[in-house]
Amino acid sequence: MLELQHIFKTFEDRAVLCDVNLVVPKGATHALIGSSGSGKTTLLRITLGLIPFDKGYVKINDQALLSFTQIEWADRIGYVPQDGGLFPHLSGKNNVALIAKLRGWKRTRIEDRVEQLRTLVDLGEEILARFPYEMSGGQKQRVSIMRAAMMNPDVMLLDEPMAALDPLIRRSLQQELKSIFKRLDKTVLLVTHDLGEAVYLAEHITMLHGGRIMQTGTYRDLLLNPASPFVTEFINAQRTLPDASEFH
Amino acid sequence: MRPWACTVLLLFGLFPMSSGAANIVVGGKIFTEGYILGEIAAQTLEATHVSVSRKLGMGSTGILFEALKSGAIDVYPDYSGTLAEAILKQPNLKSLDEIRQALSPLGLTISGSLGFNDTYALAVRDEFAQKHGLQSIGDLIAIESTLKAAFSYEFMGRQDGFAGMMGNYHLTFNPQNVNRMEHSLSFQAIEKNAVDVIDVYSTDAKIKKLNLRLLRDDHNYFPQYQAVWVARQSFVEKHASEWQTLLGLEGKISERAMRDMNAMADIQKFSFEKIAAQFLGSDVPKSESLTNKVLRRTREHLWLVGVSLLFSVLVGIPSGVAAVRFRAAGQAILLSSALIQTVPSLALLCFLIPVFGVGTQPALVALCLYSLLPVVLNTFTGIRSINPIHMENARAFGLNRWQVLVRVVLPLASPTLLAGIKTATIVSIGTATLAALVGAGGYGALIVSGLALNDVPTVLTGAIPAALMALAAHGMFELLAIIFIPAGLRRRS
């Protein structure tokens, strides 16, 4: 379970986050949605333990972020940065194995875990031997998910996982991700600006705007019982293509 | 960067420093006569069974003087006029006794004259002298109206040159017949009979080659440039008997003998060792084969370059990293290493002599300082040009600061970083040739002695290996790039 309670954060006297509450039950997939400037990136960095916050607490399975060092915390959260964020100088496999190596894992243990995850994300063995510049966008994402899952964290955090992919790949990877999440059986927080993606992948959605939570609920709640006009505005802003009837 | 790869760098340039236990260090200036006199002093001392180390072909008067004061050399040949003007700044001091007295507060002393005066002189062709019965400058009066002369710009310009001489000897040349020209050209002019009289230095080798006769300076008009040994007083006290041996050469080297020896070096291309041995009537010391000489110089050069390279890596990379992390200190580091770069190398060497003496030490210090900037700067820019997202991601994955540096930052910066080290190496291979001027050896020693003799082949024995070493360094860095630059980055570099 991931829990963020009453998070406040100001940057140079400007309130960036104001009383943010977000709970993702164990095994659930939750989407954090908001446009740029909504504070979602700041919230993400706070959750990762990269920047301090003014008030509130972050907990994973009832253990507070502040009671850990950055390094201890990192093993509890598997992070998939935008575009995969693979280190360009390391092969796919070395990207996946880097942290385990630094933690002193035995070679065979690393091999086994990598193999297990490779099967799970359904990635060809030869792809892992490649360097990031030799991989497609979808392959980078899968390698990045393997890396995030390597240390068997309780929570997975994905930042705009589809942003850089073209629509067709995006579609198929979304389906893929859904089943990967299922197989991983992790608590997942997905940060995105794409409502369609959020609805497709997550059971619950939290909409952030101007550093405040507008509403948390299922898509159905957001659509039928919007907490504010902004929620409706945001939903309506997702452009839908005209259907064939409009051309008659 | 991988640890084992660092070891490769560490091992580079670890050549044994060759320095035998030398008792007496003889210096010498960077021109033919300086080499010959230095070699004569060295062989004279060696005959008394003391070990001698030679620091011949050193830069300017200033460098030798600093080296002598600091005890880096013990004795070297110089000229009374130079001591009075360039060192004591009292050109009015004429006699050797006056000069010796003025040097005494500096803790230095000089011998008596070695027997010749290397000063301005007027020279005419021998048959011309016989035809007109010319012995001294004053004899020119008889033919002054028709005499054709070629004088160097310096001789024409100096107070104690042309104008003063004309007044002193009551001469009046036809201005139409007095040509100003480059010193080397005036020899050609007199050889081709285009002029009758030229100004020369009294021990110039070409006087003998062109069969010229020097006209006596009966009025003692020209300043005295008596050759003497210059030594530290403490050396004279400590090595009294050796100093006496050197004093035994007083009055032994005539102008003609010096001229002949200069000619042997400049024209017949004899080695300095051989010329000195022949003069002293001793056995010619076995001279080193060319291969051995070049090998020894290669080792010296590699040592200079290797140590400075090692230093620039061990100090430059951490400084570059620090410059990124600490803004203010970083600017200070970058600025100071850039400032060092603007100091001319010869000047830097001169500043370093009082502190580090002469030889390998000051040369190494200078080279280390020079090779710092490219490494610091490239480390700095290399790190600054990394997308900061990689650093943040690394922290999010739980890498500590050191791991972020070693696993992410340095590998990502490695192409730029390696380019900096490569620049430092190639620059330092070039700059190390100047180390010869402070007696540190290396290829520069061959180049410098070749230049002093105007002997292009000798220059090339230093210049070609230096160029080859630069090429080899280029090749080595291509190889290092394969080892150090992660394969995932090589496509871009």
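Asn454(B), which follows helix α21(B), has a positive phi, near 55 degrees, in what is a predicted model. The buried positions are Tyr443(B), Gly444(B), Ala445(B), Leu446(B), Ile447(B), Val448(B), Ser449(B) and Ala452(B). As for what surrounds them, the buried residues of α21(B) pack against α2 (32-46), β2 (52-58), α15 (290-325) and α22 (456-484) of chain B.

**Domains of chain B**

Chain B is divided into three parts, and domain 1 is written as two segments, 24-117 and 224-280.

| Domain of chain B | Residues |
|---|---|
| Domain 1 | 24-117 + 224-280 |
| Domain 2 | 120-215 |
| Domain 3 | 290-490 |

The centres of domain 1 and domain 2 of chain B, taken over C-alpha atoms, are separated by 29 Å. Where these two domains meet, domain 1 of chain B supplies 11 residues to the contact and domain 2 of chain B supplies seven. On the domain 1 side, helix α13 (residues 255-266) of chain B gives the most, with seven residues. That side of domain 1 of chain B, where it touches domain 2 of chain B, divides into four nonpolar, two polar and five charged residues.

In soluble globular proteins, nonpolar side chains tend to be buried together. Here the largest nonpolar core has 181 residues, of which Leu157(A), Leu190(A), Val75(B), Leu304(B) and Val438(B) touch the most other members. Helix α18 (residues 360-384) of chain B provides the largest share of this core, 14 residues, and at least three residues are drawn from each of domain 1 and domain 3 of chain B. Apart from this core lies another, of 26 residues, which includes Ala123(B), Phe151(B), Met165(B) and Ile207(B).

**Contact between the chains**

Chain A and chain B each bring 20 residues to the contact between them. On the side of chain B that touches chain A, the elements giving two or more residues are α19 (388-396), α20 (401-431) and α23 (487-490) of chain B, and α19(B) gives the most, with six residues. By class, this side of chain B has 10 nonpolar, six polar and four charged residues.

**Chain A**

The secondary structure of chain A comes to 10 helices and 10 strands. With a radius of gyration of 19 Å, close to the 18 Å that the globule rule gives for 248 residues, chain A is as compact as a globular protein of that length. Along its principal axes, the C-alpha trace of chain A spans about 55 × 55 × 30 Å. Of the 248 residues in chain A, 42% are buried, and among contacts in chain A between residues at least 6 apart in sequence, 67% join residues at least 24 apart.

Four strands of chain A form an open sheet in the order β2-β1-β4-β5, with antiparallel pairing. The strands at its edges are β2 (14-24) and β5 (63-64) of chain A, each with a single partner strand, so one side of each is left without a neighbour in the sheet. Strand β1 (residues 2-11) of chain A runs antiparallel to β2(A) and is joined to β2(A) by seven bridges; Thr10(A) has Ala15(A) as its bridge partner in β2(A).

Definitions and conventions. Residues numbered from 1 in each chain as written. Chains lettered and ligands numbered in written order. Predicted model: local features only at pLDDT ≥ 70, side-chain atom pairs only at ≥ 80, totals over all residues. Nonpolar A, V, L, I, M, F, W, Y, C, P; charged D, E, K, R; others polar. Domains from an automatic or database assignment. Pairing = 2+ DSSP bridges. Core = buried A, V, L, I, M, F, W, Y, C linked by C-beta atoms within 7 Å. Buried ≥ 20, exposed ≤ 12 C-beta atoms within 10 Å, placed from the backbone. Rg over C-alpha atoms; globule rule 2.2 N^0.38 Å.
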